[in-house]
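Reader: I would like to learn how to read the features of a model. Please take me through them one at a time.

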Amino acid sequence: MFYPLLTGTLDYCLPQVRDFYGNISNHWFIGGAQIQVIIEAQDLKKTFGDIIAVDSISFSVKKGEVFGFLGPNGAGKTSTMKIIACVSPRTSGAIRVFGMDPDNFPAEIKMRLGVVPQETNLDPDFTCYGNLFTYSRYFDIPPDIAHQRTQELLEFVQLQEKKDVAIEKLSGGMKRRLILARALVNNPDLLILDEPTIGLDPQARHLIWERLKLLQAQGNTIVLTTHYLDEAARLCDRLVIMDNGKILVEGSPVDLVKQYVGEEIVEVEKTEDVLSCLSGKNIPFEVIGEYVQIATGSSRDVVRTLFDHCSPHKVLTRPATLEDVFLKLTGRKLRE
Amino acid sequence: MYRFWSIPRITRRAWKVWHRNLVVFFRTWKVNFFPPLIEAFLYLFAIGMGIGTYVKEIDGIPYVNFIAPAILAISVMNSAFFECTYGSYVRMYYQKSFDAMIATPLSIEDVIAGELLWGATRSVLYVIIMLPVLAAFGVISFPTYLLAIPLAFLGGLMFASIAMCFTAITPSIDTLNYPSFLLITPMALFSGTFFPLTLLPVLFQYIGLAFLPLTHLVAIMRMLTLPALTGLLVLHLIWIILVTAVFYIVAINLMRRRLIV
């Protein structure tokens, strides 16, 4: 299999670094370790008629990291995933996956991808085993290796007992697990997961998270979209929050929470006393329904002030989460 | 404006899609082998023996021998056409199989080409099942009828390609009924199948020869099974090859336009 080398194909969008021998290389060197770039996108744009789904976004995903795309419905996450997965051509901008252009080398790129689509599209004409085995053929995997790999993967997602069961007999969680297994038949270098745990019960979600962590530990690069912010916080090394086709922020979950919300959130029942008291003390707050939210570095101080001066009813303190960042940046208005 | 006539880039991976359909077909072979077998008997008895009792012969040919090639040609048409309309539509729209396939090294061109090759193969399989029945009744002649097998592939590919064009533009599975009833059913009756084309008014004869693909398939099939080979075979063959080539290319481009957005 011929893969164009990463080096030399990305000259226009990567910082050039001279290696030990003085040759120009497009790898990033951080702390002496070589960081390969798996996906590099510059001013990526996708339009459907008048609708701008992806609006000139730039991002890069490094080898071995879990990179998340978050955003409300219609933010452009799935469109971005489809461009990366070489199934939807971009309108403009540049993108390289493994250093190759999806427009020119779709088969070569897809050979190394594993895709979990948002929609369950298992083949109902086959059993669980048949689905994985047939899918292996599309990757030119020889039958004996495909057979062995299929067995291993059914075990990996704990479906070995359902080996000969028809797809329609599986529960929603089992189908998602089988799709994850299917995405792994070709031992992909990059996994693209579009809402991997959508509609799953907590047990199934935890199993999938655990499997994804294991895959990451084995050096896989993972790109995922999700609506579950706890999932993103738990899995992602880095993430972007998108809205209306644009990237609003980028960073690690912890940094984003610190930067955009703070350490902790104090929630207090909304009363006239509390509102006037907070305004009087110059403490910034936000009214959400029947509650007042105060983002702070020290909940202790805020709570003390509240109890000393504002005669609050109910008070709750909790750590700030990614959800607070998300709602702060994308607003609370329903999208659809 | 999308280019409907641009030559699609198809790789050998198309055969993987073909193979997938073949595996599914043989896994449910009992259901799939039954219709052509029954169809052959039904036509032979109802039309051949039934109507044949009154219509002893046409142009000096026993009536059953006259319609035997038509039974084969109609079967070629139906199996490929319905496979690549309803069958492909179900795989594309309801099962999302094409979406799953293009996430692998397969391109959409490979997938559609594989579907078309499979539609043609289905025609071949049906003809292979029907030939022994017709041969047992002594209404087709050995060995030229064996050429019906490669012809079934070419004819099947033509009808599969035409069918896929409808699948690519149909808004829903229900609207696929229009080509079935407005194109396929009349064609099965008026393409020189159960009575010679020459019985029709001259204008309709020309329309039949110019626009009805089945006319040409029936004509060649009849030359092979009677046998009555003439130079006209080449003309019919050229017509079929040209039409197949055009629809094959257009079908793939239309499907690409529908699925790659």
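Author: Start with a cut-off. Buried means under 20% relative accessible area, exposed means over 50%, and partly exposed is in between. One caution before we use it: this is a predicted model.

Reader: Is Glu83(B) buried or exposed?

Author: Glu83(B) has a relative accessibility of 8%, so it counts as buried.

Reader: What does Glu83(B) pair with, and how close are the atoms?

Author: The general idea comes first. Side chains of opposite charge can pair when their charged atoms come close. Here, Glu83(B) forms a salt bridge with Arg91(B), and the closest N and O atoms are 2.8 Å apart. Arg91(B) is buried, as is Glu83(B). Glu83(B) also forms a salt bridge with Arg122(B), with the closest N and O atoms 2.9 Å apart. This pair links distant parts of the chain, 39 residues apart. Glu83(B) sits in helix α3 (residues 63–94) of chain B, and Arg122(B) sits in helix α5 of chain B.

Reader: Why does Arg122(B) count as buried?

Author: Its relative accessible area is 14%. The cut-off for buried is under 20%, so Arg122(B) is buried.

Reader: Which residues do salt bridges with shared partners join into one network?

Author: That network holds Arg90(A), Arg96(A), Asp101(A) and Asp103(A). Take one pair in chain A. Arg96(A) forms a salt bridge with Asp101(A), the closest N and O atoms being 3.5 Å apart. Arg96(A) and Asp101(A) are buried.

Reader: Next, helix packing. What describes two packed helices?

Author: Two things do: the angle between their axes and the distance between the axes. Apply that to chain A. Helix α3 (residues 128–138) and helix α4 (residues 143–156) of chain A pack at an angle of about 135 degrees. Their axes are 9 Å apart.

Reader: Why are α3(A) and α4(A) called oblique to each other?

Author: Go through the cut-offs. Angles under 35 degrees count as roughly parallel, over 145 as roughly antiparallel, and 65 to 115 as roughly perpendicular; the rest are oblique. The angle here is about 135 degrees. Therefore α3(A) and α4(A) are oblique to each other. Their crossing is right-handed.

Reader: At what angle do the axes of α5(B) and α10(B) cross?

Author: They cross at roughly 130 degrees. The axes come within 9 Å. That angle makes α5(B) oblique to α10(B). The crossing of α5(B) and α10(B) is right-handed.

Reader: Stay with α10 of chain B. Where does Leu254(B) lie, and is Leu254(B) buried or exposed?

Author: Leu254(B) lies in helix α10 of chain B. At 11% relative accessibility, Leu254(B) counts as buried. Now set sequence against space. Leu254(B) and Cys165(B) are 89 residues apart in sequence. Their C-alpha atoms are 6.6 Å apart in space.

Reader: What is the phi of Cys86(A)?

Author: Cys86(A) has a positive phi of about 60 degrees, although it is not a glycine. Cys86(A) is in the loop between α1 (77–84) and β8 (92–97) of chain A. With a relative accessible area of 13%, Cys86(A) is buried.

Reader: And what is the phi of Gln158(A)?

Author: Phi of Gln158(A) is near 55 degrees, which is positive in a residue other than glycine. Gln158(A) is in the loop between α4 and α5 (172–183) of chain A. Its relative accessible area is 45%, so Gln158(A) is partly exposed.

Reader: Finish with the surface. Which residues make the nonpolar patch of about 410 Å²?

Author: Leu37(B), Phe41(B), Phe45(B), Met49(B) and Phe137(B) make that patch. Take Phe41(B) as the example. Phe41(B) is found in helix α2 (residues 29–54) of chain B. Its relative accessible area is 33%, so Phe41(B) is partly exposed.

Definitions and conventions. Residues numbered from 1 in each chain as written. Chains lettered and ligands numbered in written order. Predicted model: local features only at pLDDT ≥ 70, side-chain atom pairs only at ≥ 80, totals over all residues. Heavy atoms only, no water. Patch = residues over 30% accessible without salt bridge, like charges linked within 9 Å, V, L, I, M, F, W, Y side chains within 5 Å. Areas by Shrake-Rupley, 256 points an atom, 1.4 Å probe, with all protein chains shown as cover. Salt bridge = Lys/Arg side-chain N within 4 Å of Asp/Glu carboxyl O. Helix = DSSP H or I, 4+ residues; strand = E, 2+ residues; numbered from the N terminus. Buried < 20%, exposed > 50% of the residue type's maximum accessible area, 1.4 Å probe, protein only. Axes fitted to C-alpha atoms, helices over the stretch in contact; angles between N-to-C directions. Left-handed = near helix turned anticlockwise from the far one by under 90°.
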